[in-house]
Structure formats: structure tokens, C-alpha cells
Amino acid sequence: MKSFERFGVTEEQLRALVAEGLRDGGDWCDLYFEDTSYHDLLLRDGVVGSGGYHVDFGCGIRVLKGEKTGYAYAETTDFASLKSAARAAASIAVNAGCGTSGPQNFALRAHPSQPDGWAPPIYEAMGGYGFADQNAAPNAKNKNFYPELTPWEEAEVGGFVPFLQRIEAGIRARDSRVLKVVAVLSYSVSDVLMYNSLGEATQDHRPLGSISVQVIFRQGKRTENNTVSRSLRMGAEMIGEEVLEDLVSRAVEGMDARFEAKRPKGGRMPVVMGAGASGILLHEAMGHAFEADFNRKGQSVFSDRMGQRICRPGINILDDATVPASRGACNFDDEGVPGQKTYMVTDGVLTSYLHDRISASYYGVAPTGNGRRESFRYNPIPRMRTTYMESGRDGTREDLIASVKKGIYVDQFANGQVKIGEGDFTFYVKSGFLIENGRLTMPVKDINVIGNGPQALADIEGVAGDLKIDEGTWTCGKEQSVAVSCGIPSVLIGHLTVGGD
């Protein structure tokens, strides 16, 4: 197994580390090795004047004892250091771990002793796009949702400088009001090795490329800004004409409306959310409330609603690890569970939470592949991947707008706040339009959309057939940061509060 060589460990040492973690009576032990390299380039005022490179390398070790978790890490894979980390994690779990509500007979059980000649199952992602087999046999090759045509490690960093300069030149050529352009290209490559007390070994190679462009415009005495981005789990082949044209076009798109926009009169009214980036409201206001740890601890508004209807028939809401090249794609989660597609809401009924191994054990279900972590320094917890609502059958975006007598249309949100327990949310709208008699009229700005997640779901009156998964640089912060994606078709919500004049 290539990862054994990369991290300088053997199967015998992995077994010994697990045994060390379990020696004080732990129920479960897993190891997470990581080798990540990061690169970035910054363009400002037409010049790529700075760049960065660093490496993150080490191993995190988790031990579970009943309802308690012990976690420790080492910034090396020297066996003595790893053994000390395993001992520390075991001590924390047995003596001072933080308890959580759950069954006393914790179902994650270890199997530290194996018969002679036994070999651990090895899982890795190979081949083209497709669905990972959750019941793969030992040494199976699961589907790879982010194959590289041109590995980042083989790319010439200097060749990316002209690409960034062409982005700025293209933006300035299309709008004379451009005052400043700042562009950042960053990419990382992570190799991970996971091993647990069931004897399962999993390796994954994870590329991620991102470009973010911020533009400041000036018209007379007024300034406006726009930020666009693109992030994909693929190799350096993403640095091409299609991505360049997309970023340049979106950077200048809609700026006339931005300068004309006014603050509308507020109140409670219908809201049409545009396809794509509006999915951030779905992620924040609803997706977090479906994460199983919040529900297991009784902190989510959906804690007692499994199997109940929470929105009208025909609505399906998913969290999906299998969208090819998506920023939220996962061949395996950070507990070694294969990536998969999880329907949280099926035909309007709440059918699944998002589970890591711990919450899956609590609920007596299979893990959904949502155990994720920022790095080897962090314990895995239930996190989203690519969260979206499937297309509906209520026509087009224009059909939804035409059905509204007075309301607003929004297509970009900025900062938002959500209370998981109550489900209340507030989002700032970056751009939108007033809807009057079924037509988009005055551009609007400086408004907040305020509502309640469960109530907003119940108030969905129309879902168009234009699902778009946004490919921006979305990052979710929940104690730790992970890369995610989101999406949504155009959706009409019958009643939300719009904060205006």
C-alpha cells in the first residue's frame, strides 16, 4: 500500500498503535495520517507579487470509551511519538473524556486480535466517476470522484502567473469602472491513510484547486464590489479557458444594477431564490439542523421529527459526496466510510440525518460518510459535503416570478446567522430585484431575509427544474473548517420577512 511507504509505517506498527490505544479498555481506536501540501499565488495591481507554500504532516489518534472520546495527534509519524499520542488519547478517553448523551452499550467495538495470516482490508479510490460501493470487498477499488488529468505536483507554478494576469486584463477590458482587481489562485494536494480497530485500512488522494477574484468598481463617487470564485477537486487541467471566461464574465455581470439598486420597503412577502448560490441558505438554515450530532444531543429543531413530513410532497434534499469534481466530493469521509449520496428529505419527509460512526451507532443505522475533519489535528464530526435540493416540476424561474404579485427575487447571499435549536436565520442579500405584478423591476440592496428553517421549508410553494450546484469556494465553519459545496433550483418561498425601509 503506497500510503504505508509515504508515512513510514507498517501494518504491524498500525496494529501496535491500535493495541496501545485500547490497552486501558477502550472500545474503539482509529488513526488518521495526513500529508498535505498547499500553494497559493496573489495578484494585486496587475502583478503577482507574493506566493506561499507549506506542508502539513502528521497523524491524529482517536480512542472511544463508552460515551467518551480521547484525541491526540503528533506532527510526525515517528513510531515513538505516535505511541505516545495513542497512550494520551487512551488516557483522555478513559479518565477525562467529555461525555455525550447516548446508549451505554456503545456499538463501535474493537477487534484487536486477529488470526495468523490475517491481512487488513484495504480500500482506495481508482478509475473514473461513479458511485462508491459501500459494501466493497477487501482490497476493492472504489470509484474516484476527483481524478486528475494533470497532477498539481507536476504543474509549473510559474505558468499560472499569466493566467491570473489574463483574468485581470479581461475584467478591465469589459468594464471601464474597474478600480482594483485582486485574484488568488490556491491549490492543495492531500494524501491520507486511515486505519481502525476493525483492521480496515483506507487511503485517498485529494486534489483541490481554487481561484477567487475580488473586483472594486467606481462610478462617480460611489463604489461597489463583487467577488467571484471557482473551486474544483481536480488537477491543474482546471486552469484553462472555460474557467477564465466564467470568472471574467461573472465578475462584471450585473454591475449596472448594483449601482442602480435601492433599499426597498420591507415587510413579510414571497421570496424567489435564484438557482445556484442561494443554496447557502439551504446549507445554513436547514442542512446544519440535519447533522446527527445536533439531533443526538437534542439541540436541533428536527431532533424529534424523523419520519415526519416537513415540506410538501415532491421536495428532495440531499447531501452528496459523489458529485464529480465538486469541492464537497469525498471518495471516503475522514473515518474511512465510502462516499455516498444521502437523501435527508425524500418526497417532503425527513428520512435521514447526516451521520458519522458515533451518531450512526447511537441511532442504530449505517454511517452516511459525513464524518469529516479540518486536518489530522481535529476529531471527526458530522459535516456536510455537497448539499442541494433536487429540481422540481413547477416550471422555470420565470414561471415562479410570474406567479408573484409583490415580492423580491434574490440570487446572492452574503453573511448569515442561524440558531440551530430554534431554526431562526438571518441572511444579508448581496443582489436582487423587486418583483411587481410578476416582473422583475427595481434592483435592490442592503436588505436582510429573515425566517425560520422549518417554517421556510413548509412554506415552499414552487420548485423549478433548473438545479445548479454552485462551484464557489464555500467553506463551512463548525468548530473547524472543511470544504463544501451547495446548490438549489429556483425556489419560491411564500412568506419570509424582508428587512428594508
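Q: Where does Leu 350 lie?
A: Leu 350 lies in strand 12, a strand being a DSSP run of E with at least two residues, and a helix a run of H or I with at least four, all numbered from the N terminus. Bear in mind that this is a predicted model, where local features need pLDDT of at least 70, side-chain atom pairs count only at pLDDT 80 or more, and totals for chains, interfaces and linings use all residues. Residues are numbered from 1 along each chain as its sequence is written, and side-chain values use heavy atoms, leaving out hydrogens and water.

Q: Why is Leu 350 called buried?
A: Its relative accessible area is 1%. Buried means under 20%, exposed over 50%, and partly exposed in between (1.4 Å probe, protein chains only), so Leu 350 counts as buried.

Q: What is Leu 350 in contact with, leaving aside its neighbours within four places in sequence?
A: Contact means heavy atoms within 4.5 Å. Among the partners of Leu 350, with those neighbours set aside, are Phe 290, Phe 302, Met 306, Ile 310 and Met 344. Arg 230 is another story: C-alpha to C-alpha, Leu 350 and Arg 230 are 32 Å apart in space, and they are 120 residues apart in sequence.

Q: What makes strand 12 an edge strand?
A: Strand 12 (349-350) pairs on one side only, and so does strand 21 (468-470) at the other edge, where pairing takes at least two DSSP bridges between two strands. The open sheet they belong to has six strands in the order 12-11-10-15-24-21, with mixed pairing.

Q: How many bridges join strand 10 to strand 11?
A: Four bridges do, between residues 317-320 and residues 341-346, and the two strands run antiparallel. Ile 317, for instance, has Val 345 of strand 11 as its bridge partner.

Q: What makes helix 7 largely enclosed by the rest of the structure?
A: Eight of the nine residues of helix 7 (residues 279-287) are buried, so the rest of the structure largely encloses it. The buried ones include Ile 280, Leu 281, His 283 and Met 286. Helix 7 also lies across strand 10, strand 15 (386-389) and strand 24 (485-488).

Q: Where is the place of Asn 331, and why does Asn 331 count as buried?
A: Asn 331 sits in the loop between strand 10 and strand 11. With 0% relative accessibility, it counts as buried.

Q: What makes a polar contact with the side chain of Asn 331?
A: The side chain of Asn 144 does, at 2.9 Å. A polar contact needs a pair of N or O atoms within 3.5 Å; within protein, one must be able to donate a hydrogen and the other to accept it, and residues adjacent in sequence count only if both atoms are side-chain atoms.

Q: What is the phi of Asp 347?
A: Phi of Asp 347 is near 55°, a positive value in a residue other than glycine. Most residues other than glycine have a negative phi. Asp 347 is in the loop between strand 11 and strand 12.

Q: Why is Asp 347 called partly exposed, and what does Asn 437 count as?
A: Asp 347 has a relative accessible area of 40%, so it is partly exposed. Asn 437, at 61% relative accessibility, counts as exposed. Asn 437 is found in the loop between strand 17 (424-436) and strand 18 (439-444), and its phi is positive too, about 55°.

Conventions
Axes are lines fitted to C-alpha atoms, for helices over the stretch in contact, and angles run from 0 to 180 degrees between N-to-C directions.
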